[in-house]
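Reader: I am new to protein structures. Could you walk me through this one, feature by feature?

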Amino acid sequence: MGKRLFVIGAVLMLFAVVLAAPASATKPLDVEIDLTTYFAEPPALASGTFEASGPAVEAGLMCSEGTKQDLFPEKWAGSSSIVQNGQVITEFTCTDEPFAGDTFVIKAQMHIDISAGPPTWVVNWVVKGGTGAFTDLHGNGAGSGNLIFDPFPVGAADLYSGQLH
């Protein structure tokens, strides 16, 4: 009898945990982040600006604008002169209230194709950490980008879409 009560109790506890987990998780909210990056002469790293929009901004989970600074030199891999893969770690600093000065970091994995004219790329990104209001920020998504010419490549324009929670 004691063993049977123990098993029933364990099953009920497991059932309660499974039911409680989804109730405590926050629902991810959509976000779009429009990035403009300006290249710099080495050893300086690229920097720029961003604007965010969507339900995550409207709900107060994300700021609507700020600056961006690459933190680490990009890692590039691939033996093809047509396709390259890269990684960029970028820190975003919000400039609008109530988030002014708060930061978050995104790691972006890029796949660049230079076979059809000006280089274009696709991106998979993930939030890696943050400060202030973004200490517990989580999220990920995908995006794409292309070079900005004026008259030579001076920067990049990217659009990230995804979800934050």
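**Reading the model step by step**

Author: Phe104 is buried, because its relative accessible area is 1%. Keep in mind that this is a predicted model.

Reader: When does a residue count as buried, and when as exposed?

Author: Buried means under 20% relative accessible area, exposed means over 50%, and partly exposed lies in between. Phe92 is buried too, with a relative accessible area of 1%.

Reader: How much of the chain is buried?

Author: The chain has 165 residues, and buried residues make up 31% of them.

Reader: Let me step back to the fold. How many helices and strands are there?

Author: The chain has two helices and nine strands. Read from the N terminus, the order of elements is α-β-β-α-β-β-β-β-β-β-β.

Reader: Now the aromatic rings. How many aromatic pairs does the structure hold?

Author: It holds six aromatic pairs. Take Phe92 and Phe104. Their ring centres are 4.9 Å apart and their planes are at 5 degrees, so this pair is stacked.

Reader: Where do these two residues lie?

Author: Phe92 lies in strand β5 (residues 83-94) and Phe104 in strand β6 (residues 103-113). The pair therefore ties together parts that are twelve residues apart in sequence. Recall that Phe92 is buried, and so is Phe104.

Reader: What about the rings of Trp125 and Tyr160?

Author: Start with the distance and the angle. The centres are 5.9 Å apart and the planes are at 15 degrees, so the pair of Trp125 and Tyr160 is stacked. Planes under 30 degrees apart count as stacked. Next, look at the places. Trp125 lies in strand β7 (residues 120-130) and Tyr160 in strand β9 (residues 153-164), so the pair ties together parts that are 35 residues apart in sequence.

Reader: Are Trp125 and Tyr160 buried or exposed?

Author: Trp125 is buried, at a relative accessible area of 3%. Tyr160 is buried, at 8%.

Reader: Which residues do ring pairs link into a cluster?

Author: The cluster holds Phe50, Phe92, Phe99, Phe104 and Phe134.

Reader: On to charge. Which residues gather in a patch of negative charge?

Author: Look at the surface. Asp30, Glu32, Asp34, Glu51 and Glu65 form the negative patch there. Strand β1 (residues 29-38) gives the most to this patch, with three residues.

Reader: Where is Asp34, and how is its accessibility read?

Author: Asp34 is in strand β1. Its relative accessibility is 40%, so Asp34 counts as partly exposed.

Reader: And Glu65, where does it lie?

Author: Glu65 lies in strand β3 (residues 65-70). It is partly exposed, with a relative accessible area of 38%. Now compare sequence and space. Glu65 and Phe92 are 27 residues apart along the chain, and their C-alpha atoms are separated by 9.3 Å.

Reader: What of Thr135 and Asp102?

Author: These two are 33 residues apart in sequence, and 8.9 Å apart in space from C-alpha to C-alpha. Thr135 is in the loop between β7 and β8 (139-149). At a relative accessible area of 49%, Thr135 is partly exposed.

Reader: Last, the backbone. What is the general idea for peptide bonds?

Author: Most peptide bonds are trans. Now for the cis cases here. The bond from Pro42 to Pro43 is cis, with omega near 15 degrees. Pro43 has its place in the loop between β1 and β2 (47-53). The bond from Glu97 to Pro98 is also cis, with omega near 5 degrees.

Reader: Where is the place of Pro98?

Author: Pro98 is in the loop between β5 and β6.

Technical notes:
Residues numbered from 1 in each chain as written. Predicted model: local features only at pLDDT ≥ 70, side-chain atom pairs only at ≥ 80, totals over all residues. Heavy atoms only, no water. Phe/Tyr/Trp six-rings, centres within 6.5 Å; stacked < 30°, edge-to-face > 60°. Helix = DSSP H or I, 4+ residues; strand = E, 2+ residues; numbered from the N terminus. Buried < 20%, exposed > 50% of the residue type's maximum accessible area, 1.4 Å probe, protein only. Patch = residues over 30% accessible without salt bridge, like charges linked within 9 Å, V, L, I, M, F, W, Y side chains within 5 Å. Areas by Shrake-Rupley, 256 points an atom, 1.4 Å probe, with all protein chains shown as cover. Salt bridge = Lys/Arg side-chain N within 4 Å of Asp/Glu carboxyl O. Lys, Arg positive; Asp, Glu negative; His and termini not counted. Charge placed at Lys NZ, Arg CZ, Asp CG, Glu CD.
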